[in-house]
Amino acid sequence: DWLDDARLSPGQAARLLAAVDLARRLLKAPQKRPPRLRSPADTFAFLRPHLLNLPHEEMHVLCLSPSNLLLRHRCVARGTATQCAVDPRDVFQAALSTRAAAIVLAHNHPSGDARPSAHDVALTRQLAEAARALCIRLADHLVIGDGTWTSMLTEGLLDAAAPVTPLIQGD
């Protein structure tokens, strides 16, 4: 009889019940929601563990939904102690693949000085133009130093106006 062969020992039964209980708890566990990045301070708090105390520069892109929920966080470039070459295709590949409404850029200065350089500002303006052409809003660019940060938006170095959405018009 198949029922006689299907009997479990007390140890097997205990393991099976524990597995069922664990599965039930995992299904009930609240799903961890992505963070909502509403301000430069929120963004710095999120990025701090990723960019603080690195011996080299890194550029990160945060892809955001229309309500500023984080869709994706990706490091798009790694450089040396004093510079980092950024390919715009890498920045926007992450944004396009998530259909992001906006992006926030962030990079670190291993020197500890969180002030943006002239090159940082020029790169940000170039990326803002590309973002507008793709109908993606460049919401901010943070430069992270020794536990401090500078927001290019707050400093007036970036115009984060919403991009113009192209419309197709008939005759």
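Contact, throughout these legends, means heavy atoms within 4.5 Å. The views come from a predicted model, in which local features need pLDDT of at least 70, side-chain atom pairs count only at pLDDT 80 or more, and totals for chains, interfaces and linings use all residues. Residues are numbered from 1 along each chain as its sequence is written, and side-chain values use heavy atoms, with hydrogens and water left out.

View A. His141 belongs to strand S4, residues 137-144; helices (H or I, at least four residues) and strands (E, at least two) are DSSP runs numbered from the N terminus. With a relative accessible area of 0%, His141 is buried. Here buried means under 20% relative accessible area, exposed over 50%, and partly exposed in between, using a 1.4 Å probe and protein chains only. Which residues surround His141? Leaving aside neighbours within four places in sequence, His141 is in contact with Met59, Leu105, Ala106, His107, Thr124, Thr150, Ser151, Met152 and Leu158. One of these partners, His107, makes a side-chain to side-chain polar contact with His141 at 2.8 Å. A polar contact is a pair of N or O atoms within 3.5 Å; within protein, one must be able to donate a hydrogen and the other to accept it, and residues adjacent in sequence count only if both atoms are side-chain atoms.

**View B. The nonpolar cores.** A nonpolar core is a set of buried Ala, Val, Leu, Ile, Met, Phe, Trp, Tyr and Cys residues joined through side-chain atoms within 4.5 Å. The largest has 23 residues, and those with the most contacts inside it are Met59, Val61, Val91, Phe92, Ile103, Leu105 and Leu138. Strands S1 (58-64), S2 (70-78), S3 (102-108) and S4, together with helices H4 (88-98) and H5 (118-133), each supply at least two residues of this core. Another core, of 14 residues, lies apart from it and includes Leu52, Leu70, Val104 and Leu142. Not counting residues up to four places away in sequence, Val61 touches Arg72, His73, Arg74, Val76, Val91, Ala94, Ile103, Val104 and Leu105.

View C. The structure holds three salt bridges, each a side-chain nitrogen of Lys or Arg within 4 Å of a carboxyl oxygen of Asp or Glu. One of them joins the side chains of Arg78 and Glu58 (3.1 Å, N to O). Arg78 lies in strand S2 and Glu58 in strand S1, so the pair ties together parts that are 20 residues apart in sequence. His56 sits in the loop between H3 and S1.

View D. In the bridge between Asp87 and Arg89, the closest N and O atoms are 2.9 Å apart. Asp87 is partly exposed at 25% relative accessibility, and Arg89 is exposed at 64%. The side chains of Asp113 and Arg115 meet at 2.8 Å, N to O. Asp113 counts as partly exposed at 30%, whereas Arg115 counts as exposed at 59%.

**View E. Asp42 in helix H3.** Asp42 is found in helix H3, residues 40-51, and is partly exposed at 30% relative accessibility. The side chain of Asp42 reaches the backbone nitrogen of Arg38 at 3.0 Å.
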